[in-house]
Every structure is written in structure tokens, then in C-alpha cells.
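Let's take a friendly walk through this structure, one pair of neighbours at a time. Keep the sequence and the 3D view side by side as you read.

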Amino acid sequence: MRALLGTRDPSAEENPEDEALPDCWGSASPANRNGYGVCNPTQQQPRATRLARLGDDGMTGDGVGPDDPTRYTPIHVLKATQLKKLQEAKASEGEGGGHLPADPIAAYEKWLRDNVKDYTADSELGKMVFTEFLRVIDMGIKHNSDPDALYAPPSPKPKPPSPKPPRPRPQPPPRNPNATFSEFGGPRSEPTTSMLMGFGTGSSFGGASTCSTPRVDNRGGLRPARDQGLCGSCWAFAAAALVEAQNYQSGQPVIPYLSVQQMVDCVITPAGFVGLENKGCDGGYGALALDYIKSKGLVADGDYPYEMYMVPEGTVPPRHTCRSSNFPRSRRTFITDYQQLPPFEDKMLDEMCLRGAKALLVRINVCDSWINYGGGILTTDCDHDWAGHVVTIVGYGTQSPTSPVDYWLIRNSKGANWGDPLAPGHIRVKRGVRLLKLHEYPFRVFTPFQRGGDSAPPPSSIDCSRSALWADGRTRGIKTTEYGLHWAVAVSSTACNKYAYAYNYEDRTAATQAAVSACASYHGTLCRTVAAEKNECADPAAIASLDTWVQGEAGADHYYAVATDWACGHAYGRWGPDAAWVNDVVQDCANFTKSEDSLVTADMPCGLVVTGRKMTSQPSKCTNALSWASTKVEAILTTQWGYSWAIVMDYNCGNQWYTYNWGTVAEAEAASAALDGCNAAAAAAGLGAFACSVVESGTAKCSSPASWQAASQLATGRTAPGTFWGVWMDKTCTISRTATDWGSLQSMLADAQSPRLCNQAAIATGACDSSCGLVDYGTSSGSTYPADP
């Protein structure tokens, strides 16, 4: 039989605030066994409900509300403007400034003059470029004439004559499918690190979705987009922009650029990424750059400026010597931590909308549609993994209320002359359709801070031990931890609503240290532990009540067991003739507990608190020593001299087991293998699962002086004056050997043949090969000593 006995939750009665609060949000990192959260946020994010909108197709989207239509130039206006410029680019200008009928060659010659090219239209190079000139313009005219197109490629931009040519621009990525890094510097993939799993957003942790922010545009916290030039350093520019954006505080001055050159020179192979290497201008991984910033920090670009604009991919060496140590007094910016997000765009949106991420680093694929982007929302995909690029998402939004298109706002590293006309250096990419594979490797950072220079002192701490604002962390710590393991919660010293929890640790100390470390990493402040416990039912009164209940339900000769959760609340009992089946009650309890509470994510939140067998009459143990006499002899013969043994027997004096060669008697009696084996055999015989116990134990050695008295007298009489003698005896006190006439005790113990001869004789009787020991020794004067030289 099985039964559920109530669902009392004492922890809820004593701590009514210990339910997951509806206005808490955060993330958990299963790989790191920790998580963080913010409750009752006042400045972090507003509490609201995500607004679902209905698109033109009648399908409900994830909509977070539309953009202000005046924020970006409408795409139809942008395309019309670009189309006109492209068409004019194919016509030559008349003497009066008007346009003549289309004359591509004249237009091309004008383009060569305006852009100060050092070749002529009729040269071999000029003819090659002319063909590409026509192709690009024709492609742009066709694209901008398409009413369904949502973005516009750039038009030629005439420039006034200049005494020197403009700086060369990077070329498209090489078509090399085997390259680790593209010419932009992006990898084929980023390394996988520990992932954050969000809660408070309709995830498995429960809670309603709360994102209602219609758009986010964090360009206001950044200086103009920078240009990586010919160097494949996109990974470093993206990492710097990510930290710069996260570091910005509303109302404060925009922070200076962080040093990209420092990363190009110094980020090679961090300790946590064995086998991976960043190669400066030949490419790199964004994750390695973030790991470097966490441990080493970045100085300002003004201290360590960018020098690689004109250094193309393939240059040897691809970096300069690391000079980070040249700036010991410079202010450095660190991050408390970074983590990878799950590869889903809705999770990325939640991280920016709900959990305080102001930017995300992503690895993307690029192709001509990206390279030739000139405004609008990019809707064309790029599917070449070898054309990798690393960029920074700095916002999101929706195009318009009449024809809604969700997008990401992305910061590139090609300078302010590339991108959307109203967002120089940036591009909008359609969101929610996995374009460019930007969803595959998203990263975020936590709480940048400064050290050195004129860094501000840390704020004073507050006492949060009595606050209820971190109760959500306690609830999550408890309900994520396996039964019998430890959890802990730490809280920021500056805000009681910012917590972190650690779970599934073997001891309390390890759990508290992990929680404090996680809190400091996620929130960037000093932290202190406010709660730590072991997940187990430790209420004697509750356990006694459960024992009384299950014994009252069990029949005669039935086994019984009760399992309960950590709070002694969800209790489940089983009883019956099959001991193994009865003890599986712990799974009943676990299944019920998890079905009743979606916050419980531990695999085994329950444990056995009551087990036994209800019998009408049962002896406590076998007391007939004769019944195990032969087993005792065998145990002693098997055990080496000086080691301990124990005999286990069922209460009917039938099943007999022994254990041997333990350091102490206590260890022999506590050994579980013999007891488990005896109980299993007894259970199979119908005696129950707990029918066995230790009936005798001891140490394998001869301890009776009378047994070696005669041998000692004989050895004394045979030993010359001033020399030593010794007596060895086996553990059954029946075999002895003597040694005489030794100049010193040490030489006798080291070289005498008597121990070997004694052991040989013992082996012949069936004993083990180390059955003898020194029992007595002395000098020819007749004095004897305890056998413990």
C-alpha cells in the first residue's frame, strides 16, 4: 500500500515571504550551480505585461510595441531617395548643371574624379572596375524598385577632389571554407561557456512575462561607432562596445572608448580556454576577450590607442607586444562576470528588456547584403559560417504600427560612414527569424567597475539580514537543491533586493562561499551571506509523527517507509511485504512534490526519514556464540596481524557474514558491505530488510602473556649476556618462534628470520601471509619489555 500524508509546509508557515515573488526576475546558471535575481525593482525595469500585437497577416507576434514613426526615415522614402541617386549616377552632367541622357561611361569617369582614383577609365584596372560599377548600381536600382524591400543598399556618394586618396576600406571576407577566422576577424563559432536560464519571464522557473518596453536604443550611452580598418579585430571592438554600453549610467557623461589595441595585443589564450587562441588582426573569439576584461581590465583608448587600422589580415606578426603593464596607474574597467545566453532570440530580448543587459555580443555571418547595407531593416540572410563577424546588439524595436517589423539594432565596427543614415555605424536586422545566425552565440556582461586612477570608493554597506526582499532567492535555493545537500543565499551590501543563490553543495561552507562569489560577480558589489541550510527534514516531532502513522497503517511482518521533502511537508508512505518496493517511496514523494510546485527543479527533493519492519516478536540479535564460532575462526585467519574484524548475523543466527582488515574495531563494525549483504540475504529468506547486526568483533593478534611465557623463558636462557632476544607468535596464540643473541633491538627487528618462519607455519594452517607479530623481547639479564619497540 502507499499513501500521501498531508502537504504541510512548515517553512511557509514560518516564512510567509518565501514564495517566489511575482515581481522578481533573474537567471540561473545550472553549470555553475548558482543564480541571481532582483526583487521589487524600482530602477531596474518597470513591472508590466508584455503586449501581444496582431500583425497584418493575422498572426500574433511577440510584439513589444512600435517605434515612434519619426525615429527612422520611412523605408519607402529612403528607397526613393536612393533610387533617384542611383539613376542619376548613370547619367552625366551637362554644362549647365542639368542631366543629360544616360551615359554610364561619363558617370563612371565622374565617379573616378570625385573619388580621386589613381587609374583611368580606359586602363585595364579601370575597365574591370567599370564592370563592377555598373553591376552594383544596377543591383541597387533593381532592389530599390522592389516595393517589398525593407532595406536599401548605399548609393555612390560623390566627394570633392582631394590632394590624397581616401583611406582604403576592408574587402569582403575571403571565400575560404576552412578558415578559423574571416577577414573581418570573426570565428566560425564561439566557445560554449556556462549558460544563463532566465526566470520571471514565463520560463521553467515560473512567473509571467513582463516585458512591455516598446524599444531600446542604447546608442546614447556610446561614442560614435569606430572603424577596425583592415585589421581582423571585430571581436575586440564588439567586446569593448559591449562593456562601454553596460557601463553607461543614465544622466552621466558618455564614458571614453576602451582600448581595443590592448585586447589585440594581449588577449591570446586565457586559462579557461585551453586549445583556443586569439590571433590579433588575424581574428579572435569574443568570449576570450570578455574573459580577459574580467581578469585584467581595460585601460582607456587614450592611454593605449588603436594602431592597426592599416594592418591587414595575414600580416606577420598580427599583433604588437602587449604593453598593458606600461600603465600601472591608469584607471581600468573590469566586468564582474560574463555569461552565454541560450540560443533563442526571445531569451535575448528578455535579457535586454527585463534583466538589465544594455547590449549583447553576438557572432554573425555576413555577405553582400550586409556589406552593401545603406538603411532600413535587413531581411536577407547570410548562410556562410566561414564569413564570421562579431558585433554588438545595442537595442531593439518594431518598425511601425501599420506594417510592423521587429528588428535588432546592431553596432558594427566599420565607422560612421557605414550603416543607416540616421544611425551611422549601425544596422537594423529583422528580429525573430534567426537571420545571420545571430542567435547562436549571444553573450552578456555584468556590472562593469573601475579600479585605479580616480576610482570612487565603494559605497557603504547596509544590513539586509532582516529584509524580506531577498526571500525569492531563499525559495529558489531551497527548491533547486537535492535532498541532503546544501544551499545558501548572499545579498548585495548596497541593495537588499539584489541576491544570488548557490545550490547542491556537499557542505555549508562551500555553499556560502559560492553564493557570495556569485553575488559579487552578478551585481558587482560586496556581498554577505544571509541564509544557508541543508535540505533535509530535521524536525524530530514531525518524524516521530510520521513513524507513528506508518506503523499504524502497516500490517504484521510488513516493511514500511516514509519519505518527505526538506520541509517535512509533502510526506509519502509505503508498506508491504516487499522491502525493495517499500523503499521506493522516495520517488513517490519526489514526483508529487515536483507536480505540486513548478519551482521545484531538483531531481530528488525528498529523502527517507522512517524505515522499518513491523513484527509481532523479533529478537534484537543472535546471542548464541557457538553458532558463529567457525565464522570467527575464519575471520581471524583472514585478517592480518594487528587489524580488526567483525561478524554480522541475522537474529535467527542463520545468515553469517564477516568483514576483515580494518584499521580499528569501530571501522570494522561500521563497515556497510557485510551488513548490507547479510540484510539482503535475510530479506530473501523472509526475515526482513533489517534483520542483521554485529554480534562480535575484535583485533587479530595474540594478547595472552601466558601463551608465550615458556617461549620467553627459553629465549632468555639461550641469549648471551648483553644481547637481545625476541618472541613472535601468531594471532591464534598457537605458533611461536624465537630469536636470540642480537647486538641491538633494531638489528633484530630488521634482520631476524623468526617472523618469516612464524608466518610460514601460520600459512600452513590456512592463515593469511601476515599472521605473526612480536609479543615479547628483552636482554640476557632476564628483563622483558612490552612488545612495542
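Start with two helices: helix 3 (residues 104–114) packs against helix 4 (residues 124–144) at an angle of about 110 degrees, and their axes are 11 Å apart. Helix 3 is therefore roughly perpendicular to helix 4, a label given to angles of 65 to 115 degrees. The axes are lines fitted to C-alpha atoms over the stretch in contact, and the angles run from 0 to 180 degrees between N-to-C directions. Helices here are DSSP runs of H or I with at least four residues, strands are runs of E with at least two, and both are numbered from the N terminus. Where the two helices meet, P104, I105, A107, Y108 and W111 of helix 3 face G126, V129, F130, F133 and L134 of helix 4; contact means heavy atoms within 4.5 Å.

Before going on, note that this is a predicted model, in which local features need pLDDT of at least 70 and side-chain atom pairs count only at pLDDT 80 or more, while totals for chains, interfaces and linings use all residues. Residues are numbered from 1 along each chain as its sequence is written, and side-chain values use heavy atoms, leaving out hydrogens and water.

Next come the charged side chains. The structure holds 16 salt bridges, each being a side-chain nitrogen of Lys or Arg within 4 Å of a carboxyl oxygen of Asp or Glu. One of them joins D265 and R323, at 2.9 Å from N to O. D265 lies in helix 6 (residues 260–266) and R323 in the loop between helix 7 (286–296) and strand 8 (332–340), so this pair ties together parts 58 residues apart in sequence. Is D265 buried or exposed? With 1% relative accessibility, D265 is buried, whereas R323 is partly exposed at 24%. Buried means under 20% relative accessible area, exposed over 50%, and partly exposed in between (1.4 Å probe, protein chains only). R323 also forms a salt bridge with E307 (3.0 Å, N to O). Elsewhere, R226, E244 and D301 are linked in a network of salt bridges.

Finally, find E482 in the loop between helix 10 (471–480) and strand 17 (486–492). E482 is buried but has no salt bridge, and the nearest side chain of opposite charge, K594, is 7.3 Å away. For charges, Lys and Arg count as positive and Asp and Glu as negative, while His and the chain ends are not counted. What does the side chain of E482 reach? The backbone nitrogen of M604, at 2.6 Å.

Key. Polar contact = N/O pair within 3.5 Å; in protein donor to acceptor, adjacent residues only side chain to side chain. Parallel < 35°, antiparallel > 145°, perpendicular 65-115°, else oblique.
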